[in-house]
Amino acid sequence: DDAVDDAEAQQVGGGHLQQLGIIPEPKGGAHTDPAKTCIAVKEVLVRELEALCTQNTRTLLDNRYQKYRSMGVYGG
């Protein structure tokens, strides 16, 4: 599946986010408490979007450019 491959390449899978400590997962996994998981995801999204909104466009673009440059070369 192309969407799954793209997400893995961009390192945005649930495992990556959990490893980074960005989104806390309920004990036993997200499936054990979907409501708590949704609340945690919402809190993180709101916090991160608010932080991004404080940056100017040039900084956002420079950061995005550096992120993708650090990923390496894709040979598709």
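Modeller: A salt bridge is defined here as a side-chain nitrogen of Lys or Arg within 4 Å of a carboxyl oxygen of Asp or Glu. This is a predicted model, in which local features need pLDDT of at least 70 and side-chain atom pairs count only at pLDDT 80 or more, while totals for chains, interfaces and linings use all residues. Residues are numbered from 1 along each chain as its sequence is written, and side-chain values use heavy atoms, with hydrogens and water left out.

Biologist: How many salt bridges does a search of the whole structure find?

Modeller: Side chains of opposite charge can pair when their charged atoms come close. A search of the whole structure gives a count of 2.

Biologist: Which residue forms a salt bridge with arginine 47?

Modeller: Arginine 47 is partly exposed, at 46% relative accessibility (buried is under 20% relative accessible area, exposed over 50%, partly exposed in between, with a 1.4 Å probe and protein chains only). Its closest N and O atoms in the salt bridge are 3.7 Å apart, and the partner is glutamate 48.

Biologist: How many residues apart in helix 4 are aspartate 62 and arginine 58?

Modeller: The side chains of these two residues, aspartate 62 and arginine 58, meet in a salt bridge at 3.2 Å, N to O. Helices are DSSP runs of H or I with at least four residues, numbered from the N terminus. Helix 4 covers residues 57-70, and about one helical turn separates aspartate 62 from arginine 58, a spacing in residues of 4.

Biologist: How many disulfides does the structure hold?

Modeller: A disulfide is counted for a pair of cysteine sulfur atoms within 2.5 Å. Cysteine 38 is exposed at 54%, and cysteine 53 is exposed at 67%. The number of disulfides in the structure is 0.

How values were computed: Helix = DSSP H or I, 4+ residues; strand = E, 2+ residues; numbered from the N terminus.
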